[in-house]
Amino acid sequence: MSEIESPFPFGPPRPGQQLVTDAEILDACCGGRMWWWDKEHPLACYVDKRTRPAGTISQKPLWKVEPDVQADFRSLPFPDDHFQLVLFDPPHQVRSRAGTGINAEQYGSWQPGEREDALALGFAECWRVLAPGGTLVFKWAGRVTEVEETFPVTPVVGTRPRGRKEGPAWVVFYKPLAEAQEVAA
Ligand SMILES: C[S@@+](CC[C@H](N)C(=O)[O-])C[C@H]1O[C@@H](n2cnc3c(N)ncnc32)[C@H](O)[C@@H]1O
């Protein structure tokens, strides 16, 4: 994570700080926002653990990582039950040493042994900040069976691996309204 002065609306949160936002959509690890049709969606809060200026990848001069909130998805600085839609597209690759090359720079990578625990914590946090009645969308570049033990609940629908074909996979989770009613009762 680069240490930068914060040009972003919220800035890097202090440890334990909870941010209040009107955003209804959370992208928990937005990277360069390549999958967004509107990269400045007015209802979205974009999170990533790092920042990268435009020009970092010479072959993709417009690519940059400028999250609204620089934070770790394993410890999201938002209150419980807040966002209507949470998007989770974490790195997939595990590398034996710090990744190099365009893919590693653009999408990130994990050290050996790090991935499953990080995904489980990330899922738990995405689920915590998701409002009852809300949807969590997970995108995975590999076979979902590799990581389904890290899921917070059973998905509603999603890509199932067929044969040897690997990702991209999409998996959709729904947080029941009943969870809010149980807490209120
Ligand atoms: C696959 S890329 C996301 C690509 C993005 N959906 C897009 O459309 O460009 C994964 C991103 O997760 C970020 N990331 C990795 N570990 C993270 C963590 N613990 N907390 C927050 N972001 C993390 C990386 O910095 C990287 O930008």
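Which residue in strand 2 is the bridge partner of Leu 26? Cys 45 is. Keep that pair in mind; I'll come back to both strands. A reminder before we go on: this is a predicted model.

Start with the overall layout. The chain has three helices and seven strands. Along the sequence, the pattern reads β-β-β-β-α-α-β-β-β-α. There are 185 residues, and 28% of them count as buried. Now take contacts between residues at least 6 apart in sequence: 60% of these join residues at least 24 apart.

Seven strands form an open sheet with mixed pairing, in the order 3-2-1-4-5-7-6. Its edge strands are strand 3, at 69-70, and strand 6, at 157-158; each of the two pairs on one side only.

Strand 1 and strand 2 are parallel, with three bridges. Strand 2 and strand 3 are also paired in the parallel sense, over two bridges. There, Val 47 stands opposite Val 69 of strand 3. Gly 158 has Val 171 in strand 7 as its bridge partner.

Stay with strand 2 for a moment. Is it covered or open? Mostly covered: five of its five residues are buried. Ala 44, Tyr 46 and Asp 48 point one way. Cys 45 and Val 47 point the other way. Both sets are buried.

That takes us to the core. The largest nonpolar core holds 31 residues. Those touching the most other members are Leu 26, Ala 28, Val 47, Val 86 and Cys 126. Five elements each supply at least two residues to this core: strand 2, strand 4, helix 2, strand 5 and strand 7. Which one gives the most? Helix 2, with five residues.

Look at Val 86. Setting aside neighbours within four places in sequence, Val 86 contacts Leu 26, Ala 28, Cys 126, Val 129, Leu 130, Gly 134 and Leu 136.

Now helix 2 itself. Helix 2 has 15 residues and spans 21 Å from first C-alpha to last, close to the 21 Å expected. Its buried residues are Leu 119, Gly 122, Phe 123, Glu 125, Cys 126, Trp 127 and Val 129. In general, an α-helix has 3.6 residues a turn, so residues three or four places apart point the same way. What covers the buried residues of helix 2? The cover includes strand 1, strand 4 and strand 5.

Last, two backbone details to check on screen. Arg 33 has a positive phi, near 60°, and is not a glycine. This residue is in the loop between strand 1 and strand 2. Is Arg 33 buried or exposed? Arg 33 counts as buried, because it has 20 C-beta neighbours inside 10 Å.

Asp 81 also has a positive phi, about 55°, without being a glycine. Asp 81 sits in the loop between strand 3 and strand 4. With 17 C-beta neighbours inside 10 Å, Asp 81 counts as partly exposed.

Methods: Residues numbered from 1 in each chain as written. Predicted model: local features only at pLDDT ≥ 70, side-chain atom pairs only at ≥ 80, totals over all residues. Core = buried A, V, L, I, M, F, W, Y, C linked by C-beta atoms within 7 Å. Buried ≥ 20, exposed ≤ 12 C-beta atoms within 10 Å, placed from the backbone. Helix = DSSP H or I, 4+ residues; strand = E, 2+ residues; numbered from the N terminus. Contact = placed C-beta atoms within 7 Å. Expected span 1.5 Å × (residues − 1). Pairing = 2+ DSSP bridges.
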